[in-house]
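Please look at the sequence and the 3D view before reading on.

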Amino acid sequence: MARVRLSVAERRENLLRAAIEQIEARGVAAVRIADVASALGVSNALVLYHFSTKERLVADAFAFAAEADLARLRELLGRRTTALRRLRSAVRWYAPTGQAKGWRLWIEGWAVSLREPALRDVARGLDRRWKAALAEVIAEGVAAGEFCCPDPAGTALRLTALLDGLAVQLTSYDGAVSRARAREWVEEALDRELGLGARTSSVQEP
């Protein structure tokens, strides 16, 4: 059977996906170029041809995962419905009790980024773009008179800080907080930030 020849872009994407899988399975510190190469049945030299170093591969793998998450965020925030519904949908998806990215991957990435400048730039860029997207839809809701929020950027920062912190508790410390309680705290924080009554937290997404 003839071997399919991949384009440079296709080969690079396959390597990034394999790197993400290996990082999730082994952790950043333990994963090797050889692990990624072996997962795809290619040579170490091919991986290094595309990424030059393990550090570059790891940073690009996280950037690839981040772009996938941001694409999903844009999809949720771009729906043709109220700003409040879009915001709730995005927050519920991103929350550690929702269907967002693997939190173990990102917690590991945050830790490693303290020592790896390339990965730190990726994490910082994702954080800024996520907060900016939330702040934008919050501002739209304020302009439409859906809720009151004097500081959309501050609200976006506080909400993401809560979500990230809960992710650490739920992922790293088994039993520290229940998923139901975490979900309740997120809903309460959102209502509080937007000056909404508790009854609005029961709104169902379309």
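## Burial and surface

Of the 206 residues of the protein, 44% count as buried (under 20% relative accessible area, with a 1.4 Å probe and protein chains only). The accessible surface, computed by the Shrake-Rupley method with a 1.4 Å probe, comes to about 11,300 Å², and carbon and sulfur atoms hold 52% of this surface.

## Basis of the model

The model is predicted: local features need pLDDT of at least 70, side-chain atom pairs count only at pLDDT 80 or more, and totals for chains, interfaces and linings use all residues. Residues are numbered from 1 along each chain as its sequence is written, and side-chain values use heavy atoms, leaving out hydrogens and water.

## Overall build

The protein has 9 helices and 0 strands; helices are DSSP runs of H or I with at least four residues, strands are E runs of at least two, and both are numbered from the N terminus. Along its principal axes, the C-alpha trace spans about 60 × 35 × 35 Å.

Contact means heavy atoms within 4.5 Å. Among contacts between residues at least 6 apart in sequence, 63% join residues at least 24 apart.

## Helix 1 and helix 3

Helix 1 (residues 8–26) packs with helix 3 (residues 44–51) at an angle of about 105°, and their axes are 11 Å apart. The axes are lines fitted to C-alpha atoms over the stretch in contact, and angles run from 0 to 180 degrees between N-to-C directions. The two helices are therefore roughly perpendicular (65 to 115 degrees) to each other.

Helix 1 contributes Val 8, Arg 11, Arg 12, Leu 15 and Leu 16 to the contact, while helix 3 contributes Leu 46, Val 47, His 50 and Phe 51.

How values were computed: Angles under 35 degrees count as roughly parallel, over 145 as roughly antiparallel, 65 to 115 as roughly perpendicular and the rest as oblique. Buried means under 20% relative accessible area, exposed over 50%, partly exposed in between (1.4 Å probe, protein chains only).
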